[in-house]
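Hi everyone, and thanks for coming.

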Amino acid sequence: MSAGRLVALLLLAWLAPALPAAAAPGAPPPHLALDVDLDPASRHLQVVAVLRPGERRFTFALHESLRVTAAAADGRPLAIVAMGRQGDRRHWLLQLPAGSSTLRVEYQGTLPALDVDLDHRQVLRRLPPMAGVAGSFLPAGSAWYPQPAELFSYRVRLSVAGDQRALVAGRLVDEEIPAATGDRYRASFEFSHPADGIDLMAGPWIVREKMVARSGAEPLRLRTYFTRELERIAGLADSYLDESANHLVHYSQVIGPYPFSAFSVVASPLPTGFGMPTLTYLGAEVLKLPFIRATSLGHEILHNWWGNGVYVDYASGNWAEGLTTFMADYSYKEQESAAAARALRLAWLRDFAALPAASRQPLSAFRSRTHGAAAAVGYGKAAMVFVMLRDLVGEENFHSGLQTFWRQQRFRVAGWSDLQRAFEHASGRSLAVFFGQWLSRSGAPAPQVSRARVQANDAGGYRLEIEVTQSAPAYSLRLPIELVDGEGAESRVVEVDQLRQTVTLSSDRRPQSLLVDPELRLWRLLDANQLPPILRQWIVARAPRLLQASASAEAREAAAELATRIFEVSPREISPVDLPDASTPVLLVGLHADVDAVLAAARLPPRPENLARRGTAQVWTLAEQTGAPPLAVVSARDATALRALLRPLPHYGSESWLVFDGSRALERGVWPLLEQAVAVSIPPASASPKKSGR
């Protein structure tokens, strides 16, 4: 689920208006105790919360489905004041008498029904608490409990129907398994570190467990909470337990000891996944995919260090997603092959190049993955920054910096500046310019070799002069180049920080041409021949258009809904006669024969041969044609096949074409346009360079 994978780090920005102040530095975090009774069948939730608010006038928010029924301070009843609403939550006020220490709040209500048919973008926003026999999810950001501070510790006692299991992030303290029908399942969890929220999950799960011994620490409790359907897949649960142990051991060695005593893989009825301290909540359908254990699972586990072990200072930008992407997704590609790692770097750069200029926000402005443009910056650019940082300071210093950062910031709120200081300490050099330009600037450099000449030197070798240009204001760049001659190639790095700068190199052999950043190790705007059309261009289009190919009401309804899912801005519908005049990306959607007819009438290239007559639906892109705008085509066998694309298709923004069988992508790829680096020929000293594709 590469593009679809979502990590739900709790966004303090969402909650800040309703939160009390954080605890003073060095003081233990405020503590919250919850006794929770949940009936998934009726969706009824009843909670008793005990806390020390630290202020006499305590205001808090609860979801609109919940109401406070009783409150007391040190055993004395309190008046309950229901205040105004904000969105889907109501604010409450409790006035505590002077000298009060402990507040007890009782509340209950009927939660919204579980909604598994979510828009893929809705899960990126604030979800309501939801309940049902197929699964219940009460996210931290849904205001299902009164939050005592920005960071707090907690203890939660859970009670659910006997055929259900429930958990929150933390250490399992005790557990009562029902012995007879009608008994209830009970479990208690505690989280002694500062937390910024509590996520509660329940479902009809079968629990498997594996205890792993740890030197100098209590055994590590690994669990799977799987549905019966998942349990019927032979060896699946055991494989997740084993792979979880492998990932935990690996990251403990690379960063520092795993900071918790448990990790669980929990099956979610929702279409996407979330990462919390001590667990990951992944879609049940996703858990079946064979590659998840070796890739996405490791990404989620790594968030126990970055995001859930060191908290993100969102005010200065979210560094955790980029660092996790670099150390998980990118690292796995590096282990696979150098070509696979380069392909991922190319995908990041293409995703960024597909963004309209106005959508290219600075990395310091990235908070969460709310849309494709934010993901291209907060995941792709941020991961590439760590690629460049490692190249700059060296492998040993880089890993030393990571470990220093972990030791210094464990269970603290940290920002990019803290990362910078850790890597400066490890490398013994200032990184102010490096971090300053890559965090604060919104675009990307586009360095060009405007002139290159070579001449023999007195030592029997050659002297090469290269003039590098870039647009204002200039970046400070370590520009990789490759010198090519008749016998082979030689890699070099040149440092430039001016708008126009001449660099001199020496070589034993006469270079005939040079390649600029052929391995794509610099965050930059790609050359045109490295930019085939990909779906991201349509997803992030600022003024998209929809062209309906079919006349049937059922197909048109499915096409309109699909366009709503794909585009991040509502599209304007056009007719075939408007196509030549469209100036922004157009999405053509319809049934096979209708799509073919529209393409033929517009004199556009027909359905690609490699896609024809395959699967239930085909998707492909066309570069801008003379007299026509960039065009993406979704062609399906019938309306049912169109609807099957509603969930998966928006997750494939980095692709040029796909073949689907129902909702499953059979094949996908990027059009094989020239993706090589630009080759600059090196003429004699009196001539000017020429460019060509390699």
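This is a predicted model: local features need pLDDT of at least 70, side-chain atom pairs count only at pLDDT 80 or more; totals for chains, interfaces and linings use all residues.

The protein has 15 helices and 36 strands. Its radius of gyration is 28 Å, close to the 26 Å that the globule rule gives for 694 residues, so the protein is as compact as a globular protein of that length. If you draw a box around the C-alpha atoms along the principal axes, that box comes out at roughly 95 × 65 × 50 Å.

The partner of glutamate 209 is arginine 223, in S16. The two strands involved are S15, residues 206-214, and S16, residues 217-226, and they pair in the antiparallel sense over eight bridges. Two residues lie between these strands in the hairpin, and glycine 216 there takes a positive phi near 75°.

Stay with arginine 223, please. In S17, its bridge partner is serine 264. S17 covers residues 262-268, and five bridges join S16 to S17, this time with the strands running parallel. So much for that pairing; a general point is handy when you look at strands on the screen. In a regular strand, the side chains alternate between the two faces of the sheet.

Three strands form it, in the order S9-S14-S11, and the pairing is antiparallel. Which strands stand at the edges? They are S9 (136-138) and S11 (165-168), and each has a single partner strand, so one side of each is left without a neighbour in the sheet. From one strand to the next, the twist averages 10°. S11 is joined to S14, residues 200-203, by four bridges, and valine 168 stands opposite leucine 200 in S14.

S22, residues 448-456, runs antiparallel to S23, residues 462-469, and eight bridges join the two. Valine 454 faces leucine 464 of S23 across the pairing, standing opposite that residue. Five residues lie between the strands here, and glycine 460 takes a positive phi near 90°.

On to the helices. Two packed helices are described by the angle between their axes and the distance between the axes. Take H3, residues 236-254, and H6, residues 320-336: they pack at an angle of about 105°, with their axes 13 Å apart. H3 and H6 are therefore roughly perpendicular to each other. His247, Tyr251 and Val254 in H3 meet Met327, Ala328 and Tyr332 in H6. By class, this contact of H3 with H6 has five nonpolar residues, one polar and no charged ones.

The other pair to look at is H10, residues 416-427, with H11, residues 432-440. Their packing angle is about 150°, and their axes are 10 Å apart. That makes H10 roughly antiparallel to H11. The crossing of H10 and H11 is right-handed. On the H10 side we find Trp416, Gln420, Phe423 and Glu424, meeting Ala432, Phe435 and Leu439 in H11. Sorted by class, the contact of H10 with H11 has five nonpolar, one polar and one charged residues.

Note on methods:
Residues are numbered from 1 along each chain as its sequence is written. Side-chain values use heavy atoms; hydrogens and water are left out. Axes are lines fitted to C-alpha atoms, for helices over the stretch in contact, and angles run from 0 to 180 degrees between N-to-C directions. Angles under 35 degrees count as roughly parallel, over 145 as roughly antiparallel, 65 to 115 as roughly perpendicular and the rest as oblique. Contact means heavy atoms within 4.5 Å. Ala, Val, Leu, Ile, Met, Phe, Trp, Tyr, Cys and Pro count as nonpolar, Asp, Glu, Lys and Arg as charged, and the others, Gly among them, as polar. Two strands pair if DSSP finds at least two bridges between them. A crossing is left-handed if the near helix is turned anticlockwise from the far one by less than a right angle, and right-handed if clockwise. The radius of gyration is taken over C-alpha atoms; the globule rule is 2.2 Å times the number of residues to the power 0.38.
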